[in-house]
Amino acid sequence: MDTKDHKHTNHREYTLEELNARMEIHGVDPRVTEYLNRCIAFHTFPAPGLLIGAFMVDYALELLGARTDEKLYAVCETHKCAPDALQVIAHATYGNNRLRIVNVGKFAITINRASAGDSSDGVRVYVDPKKLARFSTIHTWFTNSPDFNKKTMNNQLFDEIFSAGRAILSSERVIVKVEGKQKWKAVTCPKCGEMVPDYSVGADGVCAACGPMGYYEKIG
Ligand SMILES: [Zn+2]
């Protein structure tokens, strides 16, 4: 940031220490403060959606009566920021295959326990537009309004997120369809010579990377 501009607008984003002081001032529960700090460390910066995501995960866990050390499954309805709150707090990660991104573009999450059957009772938590009306800065940011100025309004947004906590969220009980583990065997792709699960081979007989999912070209 330009130093002159910085002085002129007198705006600088809160440091991590200042963020923590703001959490305390706004009465954020110490449990959530700890979640928020772990999320920020993992995500590498305090993205507003990540912070709201941490409140969402905390709320969903409470409604489900679940502990963070249980084996939990989660769905995130956006790929933006919120998935990291599920990974860090509920340990439902992309890598352990307990986190699904169903990218319908909603700021919503669902958490459920493991199930032997083909469904599981879960809790869905979402940002409720009706409740956002009381929080004008969050509303302006959330709706991607041109009135939101990241350079001058980010701290105000942080304050409002900490002050609102769960007040912008609603929840519902849901039944989540559970997908069983797929059986597979390894096959060698005739084009690249690398091995893939048989279900990854397309109708063209080559692996998905040699087919429609190719994302690179070799150099030299
Ligand atoms: Zn291949």
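**Entry 1: H3 against H4**

I began with a helix contact: Val32, Tyr35, Leu36, Cys39 and His43 in H3 meet Leu50, Leu51, Ala54, Phe55 and Asp58 in H4. The model is a predicted one; local features need pLDDT of at least 70, side-chain atom pairs count only at pLDDT 80 or more, and totals for chains, interfaces and linings use all residues. Residue numbers start from 1 along each chain as its sequence is written.

By class, the contact of H3 with H4 divides into eight nonpolar residues, one polar and one charged. Here Ala, Val, Leu, Ile, Met, Phe, Trp, Tyr, Cys and Pro count as nonpolar, Asp, Glu, Lys and Arg as charged, and the others, Gly among them, as polar.

I then looked up the geometry. H3 (residues 30-43) packs with H4 at an angle of about 135°, and the axes are 9 Å apart. Axes are lines fitted to C-alpha atoms, for helices over the stretch in contact, and angles run from 0 to 180 degrees between N-to-C directions. H3 and H4 are therefore oblique to each other. The classes are: under 35 degrees roughly parallel, over 145 roughly antiparallel, 65 to 115 roughly perpendicular, the rest oblique. The crossing of H3 and H4 is right-handed. A crossing counts as right-handed if the near helix is turned clockwise from the far one by less than a right angle, and left-handed if anticlockwise.

**Entry 2: H4 against H5**

How do the axes of H4 and H5 cross? They come within 7 Å and cross at roughly 45°, with H5 covering residues 82-89. That makes H4 oblique to H5. H4 passes H5 in a right-handed crossing. On the H4 side I list Gly49, Leu50, Gly53, Ala54, Met56 and Val57. On the H5 side I list Ala82, Asp84, Ala85, Leu86 and Ile89. The classes here are eight nonpolar, two polar and one charged.

I traced an open sheet of five strands, in the order S2-S1-S3-S4-S5, with mixed pairing. Which strands stand at the edges? They are S2 (99-101) and S5 (169-177); each has a single partner strand, so one side of each is left without a neighbour in the sheet. The twist averages 20° from one strand to the next.

H4 (residues 48-64) packs on this sheet and touches S3, S4 and S5. The direction of H4 makes about 140° with that of S4.

For terms, strands pair if DSSP finds at least two bridges between them. Helices (H or I, at least four residues) and strands (E, at least two) are DSSP runs, numbered from the N terminus.

S3 (residues 108-113) and S4 (residues 119-127) pair antiparallel over five bridges. Ala108 stands opposite Tyr126, and Asn112 opposite Gly122. S3 and S4 form a hairpin with five residues between them. S4 also pairs with S5, antiparallel, over nine bridges. There Ser119 stands opposite Lys177.

**Entry 3: H2 against H8**

I checked H2 (residues 16-25) and H8 (residues 150-164): the axes come within 9 Å and cross at roughly 40°. H2 passes H8 in a right-handed crossing. Leu19, Arg22 and Met23 in H2 meet Phe158, Asp159 and Phe162 in H8. This contact has four nonpolar, no polar and two charged residues.

Key. Contact = placed C-beta atoms within 7 Å.
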